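Subject: Structure for your review

Dear colleague,

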Number of protein chains: 2
Amino acid sequence: MISIVILGTGNVAKHLFDAFTAKGDVEIIQLYGRSQNALSYFKNQINTTSDLSNIKEADIYIIAISDDAISVVSKFLAGKKGLIVHTSGSIPMYALPNKHRRGVFYPLQTFSANRKVDFKKIPICIEVENEDDYKLLNELASAISDNVIQLDSDQRKTLHLAAVFANNFTNHMYHIAHEICIQNDVPFELLLPLINETVTKIQDLSPLEAQTGPARRNDAGTLDKHLAQLKYKKHKKIYALLSKSIRKTYGKKL
Amino acid sequence: MISIVILGTGNVAKHLFDAFTAKGDVEIIQLYGRSQNALSYFKNQINTTSDLSNIKEADIYIIAISDDAISVVSKFLAGKKGLIVHTSGSIPMYALPNKHRRGVFYPLQTFSANRKVDFKKIPICIEVENEDDYKLLNELASAISDNVIQLDSDQRKTLHLAAVFANNFTNHMYHIAHEICIQNDVPFELLLPLINETVTKIQDLSPLEAQTGPARRNDAGTLDKHLAQLKYKKHKKIYALLSKSIRKTYGKKL
């Protein structure tokens with residue numbers, strides 16, 4: 001059985017805690033949080049501590065905290081023999097102190113406080129400095145996910161950047177669509193079947209093939225009408241830039 | 001039983017044809033297409049014509065053709081007593097000749113040639129000039145969809161514009177994510193669970209609440225690193241503009 005210590009009390013830490021707790025083959029022996037208050041969710045379920053000099057021995061330490069705190073907190077693990085991993089998409093493995101066995105355990109998903117997620121399908125991107133540690137980290141990841149993949153720090157950085165477009169920016173598009181609907185007294189919910197189909201499409205087609213709409217057809221009349229129809233300058237700017245980008249993608253002269 | 005004539009042979013016409021054919025309570029008595037070639041899909045199933053002076057009498061004429069051809073084709077229906085509707089999101093009802101009983105039958109979905117869609121959940125937005133025609137058009141729409149809603153031309157125009165953000169622009173975000181992955185030898189498919197969860201989230205949460213990511217957190221360090229990491233100027237521009245828009249949305253000073 002693999003023994004682990006989780007450092008962190010945020011969304012990623014909570015979701016990992018829940019996922020590992022539900023599995024028999026991993027034992028969480030301790031959870032660290034900055035304050036007693038942050039630990040309240042875990043206290044009755046597990047040994048917790050808010051003292052970094054009080055961390056127990058374990059096979060793996062999972063540092064699931066904000067990016068800028070990773071290097072500071074990891075320094076407190078000096079002398080530990082276990083494998084130390086962080087869970088960040090954009091921080092390289094080498095940000096961890098080099099006295100340690102180091103690695104990365106990056107679950108590629110968006111985690112919210114009150115939403116359950118099914119880890120089985122979440123890609124967990126792992127990286128280790130010493131190939132000897134691969135088996136151990138792979139076993140840990142495979143305990144909760146069927147989708148474990150080995151990526152180096154550069155590939156993970158790429159994925160993290162691509163995820164901003166695929167997740168954060170698409171959500172912002174939904175937000176703008178929502179604003180436009182509200183302004184004009186149209187229920188946003190009418191768009192949900194369309195939104196769902198847009199995503200279902202790219203499970204089979206590449207996004208390049210799946211593209212539709214006035215910019216794809218180079219329908220200048222509709223593009224102009226839409227620009228005139230938008231009330232906010234900020235929306236006009238985004239509409240213009242993205243339409244131009246789509247037209248360029250399909251080789252239309254501008 | 002409602003008798004209809006469909007004018008058009010594109011994706012919308014095909015999907016409507018298939019949906020009505022599967023239902024017992026609507027009879028498609030004719031289908032018009034510009035050429036014998038365009039009619040090949042329908043020929044063995046239904047009476048077809050490529051001659052606009054040869055259109056039969058019916059309760060409803062559905063004009064499912066490109067926006068700019070609607071007013072031209074509808075002129076050929078002079079003298080018909082049936083209700084004439086088009087299927088466009090952005091064209092007002094009044095683009096149809098005013099001698100007619102007029103209306104709009106707008107299914108809010110993205111239709112591709114080889115993808116089946118389930119009409120039951122697709123919102124069909126209907127509009128009629130004379131309230132007397134509402135019952136008839138509502139009955140037609142309800143034959144294939146459980147989600148029929150009455151919207152006027154302005155509301156439909158709003159919805160069509162919002163759909164560009166919610167569908168066309170999100171798909172373009174997937175395309176850019178795809179390009180970034182390909183350039184750096186990372187499988188795009190790793191992003192699919194994240195993309196699916198992004199959409200699942202907004203079935204319950206508003207997009208405003210669902211937003212995550214470096215721009216939402218006002219994490220200037222990651223934003224700068226991402227901008228430096230992007231290889232194409234066009235991607236940098238989009239990243240910068242959308243991040244700025246997200247930061248503004250959440251009241252961050254820029």
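**Findings**

Lys14(B) sits over the face of Tyr41(B), 5.3 Å from the ring centre. In chain A, Lys14(A) likewise lies over the face of Tyr41(A), at 5.3 Å from the ring centre. Tyr41(A) also belongs to a cluster that ring pairs form with Phe17(A) and Phe42(A). Please note that the model is predicted.

As to the arrangement of the chains, chain A is superposed on chain B by a rotation of 180 degrees with 0.0 Å of shift along the axis, at an RMSD of 0.0 Å. This is the relation of a two-fold axis. Within chain A, Thr170(A) has the C-alpha nearest the axis, 2.4 Å from it. The copies meet through the same surface, because 100% of the interface residues of chain A are also interface residues in chain B.

Over all chains, the structure holds 16 aromatic pairs. One of them is tilted: the rings of Tyr239(A) and Phe165(B) have centres 6.0 Å apart and planes at 55 degrees. This pair joins two chains, because Tyr239(A) lies in helix 8 (residues 233-249) of chain A and Phe165(B) in helix 4 (residues 153-183) of chain B. Tyr239(A) is buried at 1% relative accessible area, and Phe165(B) is buried at 0%. Tyr239(A) also pairs edge-to-face with Phe169(B), with ring centres 5.3 Å apart and planes at 65 degrees. Phe169(B) lies in helix 4 of chain B, so this pair too joins two chains.

Tyr239(A) is in contact with Thr222(A), which also touches Pro214(A), Asp67(B) and His160(B). Thr222(A) lies in helix 7 (residues 220-229) of chain A and counts as buried at 4% relative accessibility.

With kind regards

Methods. Residues are numbered from 1 along each chain as its sequence is written. Chains are lettered from A and ligands numbered from 1 in the order in which they are written. This is a predicted model: local features need pLDDT of at least 70, side-chain atom pairs count only at pLDDT 80 or more; totals for chains, interfaces and linings use all residues. Side-chain values use heavy atoms; hydrogens and water are left out. Helices (H or I, at least four residues) and strands (E, at least two) are DSSP runs, numbered from the N terminus. Buried means under 20% relative accessible area, exposed over 50%, partly exposed in between (1.4 Å probe, protein chains only). Contact means heavy atoms within 4.5 Å. Copies are superposed by least squares on the C-alpha atoms of residues with pLDDT of at least 70 in both. Rings of Phe, Tyr and Trp (its six-membered ring) pair if their centres lie within 6.5 Å; planes under 30 degrees apart count as stacked, over 60 as edge-to-face and the rest as tilted. A charge sits over a ring if NZ of Lys or CZ of Arg is within 6 Å of the ring centre and within 35 degrees of the ring normal. Lists of a residue's contacts leave out its neighbours within four places in sequence.
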